[in-house]
Amino acid sequence: MLDLTKVFSFHATILDRIVSRESKTLEFKETFNWGSKEKYAKTMAAFANNIGGALVFGVQDNPRNFVGLKSENFEQFDEFKITEYLNSVFAPEIFFEKFVHTVNGKNAGILVVHQAINKPVVCIKTEGDLKESDIYYRYIA
């Protein structure tokens, strides 16, 4: 299970600076934009082929500052559209949960991806960054 206290662990003296780092189970994104769906899908498949993981939206890169979601794109985005897209480009199915977490008055969007029961999850269609028959796997950075 995702330990949100570890994900949202802040620097002692620098406001909004997250000390957590990206890893084999954690990836940060500043914004949620469905135009980047191939990149999100690739990461989600890589998490599913390993031990699962979380995509966290609302964290600026370098330095890792928690800026929160700047719009309601994530909150209002239908989970069914994500599932439908993932099923159109990967098999077997990728299981995930979508939720919003509020920290210090700001919202973070989180996609928690579960470890696949039947591995590997394989790309079944070439689209954008995705290549048919590729298997994505998340390694320690």
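1. Two strands are taken as paired if DSSP finds at least two bridges between them, and the strands themselves (E, at least two residues), like the helices (H or I, at least four), are DSSP runs numbered from the N terminus. Residues are numbered from 1 along each chain as its sequence is written. Please keep in mind that this is a predicted model, in which local features need pLDDT of at least 70, side-chain atom pairs count only at pLDDT 80 or more, and totals for chains, interfaces and linings use all residues, while side-chain values use heavy atoms, with hydrogens and water left out.

2. Strand 4 and strand 5 (residues 106–113) run antiparallel to one another and pair over 8 bridges; Glu97, for instance, has Val112 in strand 5 as its bridge partner.

3. Strand 1 and strand 2, by contrast, pair in the parallel sense over 4 bridges, and here the bridge partner of Leu26 is Ala54 in strand 2. Together with helix 2, these strands make a right-handed β-α-β unit (right-handed if, with the strands pointing away from the viewer, the path from the first strand over the helix to the second runs clockwise).

4. Taken as a whole, the sheet is open, with 4 strands in the order 1-2-5-4 and mixed pairing. Strand 1 (26–29) and strand 4 (96–103) stand at the edges with a single partner strand each, so one side of each is left without a neighbour in the sheet. From one strand to the next the twist averages 20°, where angles run from 0 to 180 degrees between N-to-C directions, and axes are lines fitted to C-alpha atoms, for helices over the stretch in contact.

5. Helix 2 packs on this sheet, touching strand 1, strand 2 (53–57), strand 4 and strand 5, and its direction makes about 150° with that of strand 2; contact means heavy atoms within 4.5 Å. Helix 4 also packs on the sheet, where it touches strand 4 and strand 5, at about 140° to the direction of strand 4.

6. The count comes to 1 cavity of 30 Å³ or more, a cavity being a set of points on a 1 Å grid over the protein atoms alone where a 1.4 Å probe fits but cannot get out, with lining residues having an atom within 4 Å of a point. The largest cavity holds about 40 Å³ of space, the volume being the space filled by probe spheres set on points joined across faces, edges and corners. Its lining includes Trp34, Tyr85 and Leu111, and helix 2 (37–49) and helix 4 (79–89) are the elements that give two or more residues to it. Helix 2 gives the most, with 4 residues.

Key: On a 1 Å grid over the protein atoms alone, a cavity is a set of points where a 1.4 Å probe fits but cannot get out, and a pocket is an open set with protein on both sides within 12 Å along at least five of seven lines; lining residues have an atom within 4 Å of a point.
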